[in-house]
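Subject: Model handover

Hello,

Please find the model below, followed by notes on what was found in it.

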Amino acid sequence: MNKRTLGPHGPQVSAIGLGCMGMSAFYGSTDEQESLRTIARALDLGCNFLDTSDMYGPHTNERLVGRAIASRRDEVFLATKFGIRIVGDPPKRSIDGSPDYVRSACEASLQRLGVDHIDLYYQHRVDPDTPIEETVGAMAELVEQGKVRHLGLSEASAETIRRAHAVHPITAVQTEYSLWTRDVERDILPTLDELGIALVAYSPLGRGFLSGRFSSPDELDDGDFRKYGPRFTGENLEKNLALAGRVKEIALEKGITAGQLALAWVLHRGEHIVPIPGTKRVSYLEENVAAADVQLSEQDVERITQEIGSAAGDRYDPEGMRSVNI
């Protein structure tokens, strides 16, 4: 596996990482043994950048990842997140970036993961009620204590990134970025380039849609949140099917899969961009990892950029959209 650095002077990670969320939450049925095999296979292939969060499950995904890496910790660059709390019955979601919660969340994640440090610790969503300086100040204390090696933000605005970086160096910003989600190119990517911060691209396959792995919400489990998402229903679905069809056509010309084309495009958008496609199956993992070897010319990248337009519909429902770009 080729390596990339998280920023010009940051740590090295595999050029393609592994998003572990779907192994425990949000994408329907799960298979723990297949998930454990998938993580083990990722490490065998040199895919060492594993991404989880305390809210996936909640908590169960960190425990799963912890079991998977228990005997291979030295091979792993481990990223997890805090800040989204799911409490109550029925469960309610809230955002918490208070310093006390930063400290307690980190301790809990270390315990669930069974590790003595986290390589990259993200604030999962920005808390509008807590100044980012206070949140990052508490995160910086974790670095000083050796509990965390590098700091990150997820779904933060350019202004928030600047304010956070002034308190303590931010190594990476995670946000959705793919052929059909390019919002970050306007403000976020220029800011990251200026400050020397990497972009970690989640959902680089359009939540699996760009890979052609499903074409109708009827193919998804009832517990799969995509089944009711704005981009996968109604008129938006019809428009996005045409977009995904064009991705497949270009991929066939190249002799690769649609998913590999989508991942290769993201990789070719910048040397400090690292996609972390999520999967819970070994076969899809192997297909995704192979995209690191796909070569695209500048002309290829420009053509794909021009011919594949942005998706129809928002990334999340209205509540979800209110928590991004803060």
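Which residue stands opposite Ile86 in strand 7? Arg93 in strand 7 stands opposite Ile86.

Before the rest, some conventions. This is a predicted model, so local features need pLDDT of at least 70 and side-chain atom pairs count only at pLDDT 80 or more, while totals for chains, interfaces and linings use all residues. Residues are numbered from 1 along each chain as its sequence is written, and side-chain values use heavy atoms, with hydrogens and water left out.

Hairpin and loops

Strand 6 (residues 84-87) and strand 7 (residues 92-95) are antiparallel and joined by 4 bridges. Strands (E, at least two residues) and helices (H or I, at least four) are DSSP runs numbered from the N terminus, and two strands pair if DSSP finds at least two bridges between them. The two strands form a hairpin with 4 residues between them. In its turn, Gly88 has a positive phi of about 90°. Asp89 and Pro90 are joined by a cis peptide bond, with omega about 5°; Pro90 is in the loop between strand 6 and strand 7.

Another cis peptide bond joins Gly57 and Pro58, with omega about -5°. Pro58 sits in the loop between strand 4 (49-51) and helix 2 (60-69). His59 is found in the loop between strand 4 and helix 2, and has a positive phi of about 80° although it is not a glycine.

An open sheet is formed by 8 strands in the order 3-4-5-8-9-10-11-12, with parallel pairing. Strand 3 (18-19) and strand 12 (273-275) are at the edges with a single partner strand each, so one side of each has no neighbour in the sheet. Strand 8 (residues 118-123) and strand 9 (residues 148-154) run parallel and are joined by 5 bridges. Ile118 stands opposite Val148 in strand 9. Helix 4 (residues 132-144) packs on the sheet and touches strand 5 (77-82), strand 8 and strand 9; contact means heavy atoms within 4.5 Å. The direction of helix 4 makes about 155° with that of strand 9. Axes are lines fitted to C-alpha atoms, for helices over the stretch in contact, and angles run from 0 to 180 degrees between N-to-C directions.

Helix pair

The axes of helix 3 (residues 99-113) and helix 4 come within 8 Å and cross at roughly 35°. In helix 3, Pro99, Val102, Arg103 and Cys106 meet residues of helix 4 that include Glu134, Ala138 and Leu142. The residues of this contact divide into 6 nonpolar, 1 polar and 3 charged. Here Ala, Val, Leu, Ile, Met, Phe, Trp, Tyr, Cys and Pro count as nonpolar, Asp, Glu, Lys and Arg as charged, and the others, Gly among them, as polar.

Regards
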